[in-house]
Amino acid sequence: MDQQEIFPPPKHFSEKAHIGSMEQCEALYKACAADPEKFWAEQARNLHWFSPWKQVLDWSNPPFARWFIGGKTNIAYNCIDRHLSSARRNKAAIIWEGENFEQRILTYQELYRRVAKFCNALKKLGLKTGDRSIIYMPMIPEAAIAMLACARLGITHSVVFGGFSAEALKARIQDLSASLVITADAGLRRGKEIPLKPNVDEALPECPTVKHQVVFRRLGSKVEMKAGRDHWWHELTDGVSEQCAAEPLDSEHPLYVLYTSGTTGKPKGVVHTTGGYLTQVLSTMKWVFDIKDEDIYWCTADVGWVTGHSYVVYGPLAAGATTLMYEGAPDCPKPDRFWRIIEKYRVSIFYTSPTAIRSFIRQGDDFPNAHDLSSLRLLGSVGEPINPAAWKWYHRVIGKEKLPIVDTWWQTETGCIMISPVPGATPAKPASATRPLPGAAPDILDENGNSIPVGKGYLVLTRPWPAMLRTLHGDPERFKQNYWSRFPGKYFTGDTATRDEDGYIWLLGRNDDVIKVSGHRLSSMEVESALVRHKDVAEAAVIGAPHEIKGEGIHAFVTLKAAAKESPALADELKEWVAKEIGSISRPEKILFVAGLPKTRSGKIMRRLLREVVSADKVVGDTSTLEDYNVILKLTQQGKEEDEILAEKK
Ligand code: PRX
């Protein structure tokens, strides 16, 4: 990594930006540092409040923070109603393009009508503030409408990525004790129908809390409707009123629970609330994306991930922006689909993942070069470390060496962007997320919790921030244990980072058993648990190994039961098994059959050693806690053999 290379913000951008100089930026940082509560109170005034808060922050019972205590607001009101009294009412709120080139444009006025109608439909079913729903939808406007309707009524939603299996969906419904599931008959991916309702039907027999399932007809696929439980969206909304008042909700009302992978097999239900969350999400829309009324803003994330929540739906709509949603795959029907969309809708802000960028590089420059990308003014990256080569390609080929790039670091737990350049002010260094935004107080610590001013260590956040997660659903102990016990009083991110002499932060990846495949977060244990549910598998250990496009790929070390026989066919079967159990994003890249797994004396699998086997093909470091060093020796040999088996097969 060349830490010397610096790209100053382009002059033409700075001149028109909300924050156009380092002085302005410093003033913002200073105001926040001097009096964070005053600073955030000013930011919160950018929202509409039905009644004002009495206290900005309560941090008397850490790590359980409360923000804008006593204030009443509503996120859907802030995302829609607020814009109806100005010319924005006729502005596009959502531009949607289906993978099959269908197109829908919803103005703010139309979005209001659709959300209000859906709210009234939910009310007809008896749903009310305090209930909990699961949203399992493709990338269509109704996913956003469902989220906004729940937010409007105070129904806490949990969006489950449409690529997750029935099994993964079931676990989330059960953990949330949801009474409602909102879904579609199917989604569309690379021209293929991806069943959704059938997966819900498979999950529901073991989910007794669910009373209703609402189904949007996306493709007209044949599905079975169970009388009394299942309702068609179009029938339920037919003839209902187009008016529905937003519920004034407490600032700490839980807006959503989003399940994400941690170090154990059970996904964590990250809880985000209302007033603080939207305040900081909206502020970052302005600081990081410099959002303006004229922008056509496109974040390519799926609504199933936190980026889809904060920067496809809630952030852009709260800012009164036009947000673009695309339903399908980036290479459908050809690898130029994203560039066609940018050209067609004159997209000005484009926010995507390093995995997408790396796959564009592989497809070649001819695809973007064949399109007019001159509408673009800002590029963004999120979800995983971006390598300098990918950053420079993005800058050169998409940005024509004229556009700033915001490399934004954050997490499901942080709720919004925490470390990022401010594009009109911060000089960029390729592959560094640069500096913390106001409200983010990061530090880099050594093993013993001492701050490392310059150098590499564990990334922590030292102060509460408005959009922070409040707890883990139903498990406050795990919340404390997971995030606040490694370095007492500090939020432990699970990331390793370096800070350079200029105070710039470089994210280096995870230091726990979380794997990032194409930016999607998976846990080793989740994949291992899926593997050992297969009849032939005795034990499994799963690690992330470097992958040229995806950042990391899953390598699974498997020991078989005595009766089973290893073969390339069984390796393929196990890959499919994991894809079926969790979802295709977790399909292992490689299955390695081994005689034994390296364990500590207490029986814990030493994944660190496996990572070394894969990356260096030899074991280095401390092995004194190993139960049997020979296992490693066998492993290194057998790993090679498996490679050979696969090579032969090809
Ligand atoms: O490891 C970091 C990586 O993604 C993790 C958070 O994943 P998730 O909760 O799924 O949220 C992804 C979207 C915000 C982090 O702990 N990560 C995220 N952004 C970056 C990143 N790593 C390096 N650079 C980034 N810009």
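Buried means under 20% relative accessible area, exposed over 50%, and partly exposed in between (1.4 Å probe, protein chains only). I noted that first, before looking up any pairs.

Ground rules: I'm working on a predicted model, where local features need pLDDT of at least 70, side-chain atom pairs count only at pLDDT 80 or more, and totals for chains, interfaces and linings use all residues. Residues are numbered from 1 along each chain as its sequence is written, and side-chain values use heavy atoms, with hydrogens and water left out.

Salt bridges: I looked up the total and got 49, taking a side-chain nitrogen of Lys or Arg within 4 Å of a carboxyl oxygen of Asp or Glu.

Entry one: I checked glutamate 97 and found it bridged to lysine 344, with 2.7 Å between the closest N and O atoms. The two sit 247 residues apart, glutamate 97 in strand 5 (residues 92–97) and lysine 344 in helix 12 (residues 337–345). Helices (H or I, at least four residues) and strands (E, at least two) are DSSP runs, numbered from the N terminus. Glutamate 97 is buried at 2%, while lysine 344 is partly exposed at 44%.

Glutamate 589 comes out partly exposed at 31%, and lysine 550 is partly exposed at 25%.

Within it, arginine 229 and aspartate 230 come to 2.6 Å; arginine 229 is buried at 15%, and aspartate 230 is buried at 8%.
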